[in-house]
Amino acid sequence: MSDKTRLFNDKDFIAKFAERRDAPDSVNRCVDEPQILALLGDLRGLRVLEIGCGLGDLSIVLSKDAEDFLGIDISSDMVTEAIRRHPELSNCLISKKLNDVEKHPTYDIIVSSLAAHFVEDIESFFNGVYERLVEGGVFVFSQRHPVRTSNPEVSNGINSNDWLVKRYFEESKRVFTWLDCETHNYHRTLSTIFSSLRSSKFEILDLCEPTPIVADNSSDRLKECWHVPPIVTFKCRRLTKL
Ligand SMILES: C[S@@+](CC[C@H](N)C(=O)[O-])C[C@H]1O[C@@H](n2cnc3c(N)ncnc32)[C@H](O)[C@@H]1O
């Protein structure tokens, strides 16, 4: 089992992750999801694949409008917990790697929220997305902002004064403590993500650095998001390979 699978299959970690995700000042709820949904627009009549569905909280929104919806996650325990939280998703969430998802039928839209920084080989990930999209299909994904993945020493901090960008141009695995568990991300510069998307034959339609949609003056976590971008979100279109 890979390190990342182990983390998201640790029951204590999943419980802490769920508590953080359910909090009213959760960055997923207040920053990430609103941006993803705004970039996606109307999903009616479309076939949608979500990669890294986690606890299914975005899946429940996507599946309501989409014509057809499949959510995948490499962690079987996350999927089990997602189905416990949202029993109505039991037929459309599954523990699978992207490479094990059939290439046909293809999807109109592929979405991934806050999973790409766990992926080691980003270009092969983008190629896998490409192969499962219809021509002209749209890929919307978010990941931790590279200014945050750069410095593992402060990844668990919530004081914006701590957020020193370090070793930005050194692209490597960064190990740190998150919710009391050792984890890691793959740090890449913004330009590497951009050029990998282009190499995989995606046209970049939008690049966003979302900020909180709620004016919650009491939350240090959200206040900090106005100083240091937490997330970068891309909207891309699949081009035809010549
Ligand atoms: C931080 S969680 C985010 C989950 C969900 N998108 C959300 O917003 O709550 C990251 C999720 O991505 C999953 N994941 C990591 N790498 C993945 C991969 N290569 N393919 C599919 N899922 C992956 C993890 O198991 C975990 O559930």
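Predicted model: local features only at pLDDT ≥ 70, side-chain atom pairs only at ≥ 80, totals over all residues.
**Overall form.** I began with the secondary structure, which comes to 9 helices and 9 strands. The radius of gyration is 17 Å, close to the 18 Å that the globule rule gives for 242 residues, so the protein is as compact as a globular protein of that length. I also took the span of the C-alpha trace along the principal axes, about 45 × 40 × 40 Å. Buried residues account for 40% of the 242 residues. For contacts between residues at least 6 apart in sequence, I noted that 68% join residues at least 24 apart.

**Helix H4.** I looked up the buried residues of H4 (residues 57–65) and found Leu-58, Ser-59, Leu-62 and Ser-63. They cover an arc of only 125° around the axis, which puts them on the same side of H4. Their packing partners are helices H3 (27–40) and H5 (76–85), together with strands S1 (47–51), S2 (68–73), S3 (93–95) and S4 (107–113).

**Strands S4 and S5.** I checked S5 (residues 133–144) for burial: 9 of its 12 residues are buried, so S5 is largely enclosed by the rest of the structure. S4 and S5 run parallel and are joined by 6 bridges.

**Backbone exceptions.** As a reference for this entry, most residues other than glycine have a negative phi, and most peptide bonds are trans. I found a cis peptide bond from His-104 to Pro-105, with omega near 5°. Pro-105 sits in the loop between S3 and S4.

Next I listed two non-glycine residues with positive phi. Leu-114 has a phi of about 55° and lies in the loop between S4 and helix H6 (122–131). Arg-167 has a phi of about 50° and lies in the loop between helix H7 (146–149) and strand S6 (173–178).

Is each of them buried or exposed? Leu-114 has 21 other C-beta atoms within 10 Å and is therefore buried, the cut-off being 20 or more. Arg-167 has 12 other C-beta atoms within 10 Å and is therefore exposed, since 12 or fewer counts as exposed.

Notes:
Residues numbered from 1 in each chain as written. Helix = DSSP H or I, 4+ residues; strand = E, 2+ residues; numbered from the N terminus. Rg over C-alpha atoms; globule rule 2.2 N^0.38 Å. Contact = placed C-beta atoms within 7 Å. Arc of directions from axis to C-beta. Pairing = 2+ DSSP bridges.
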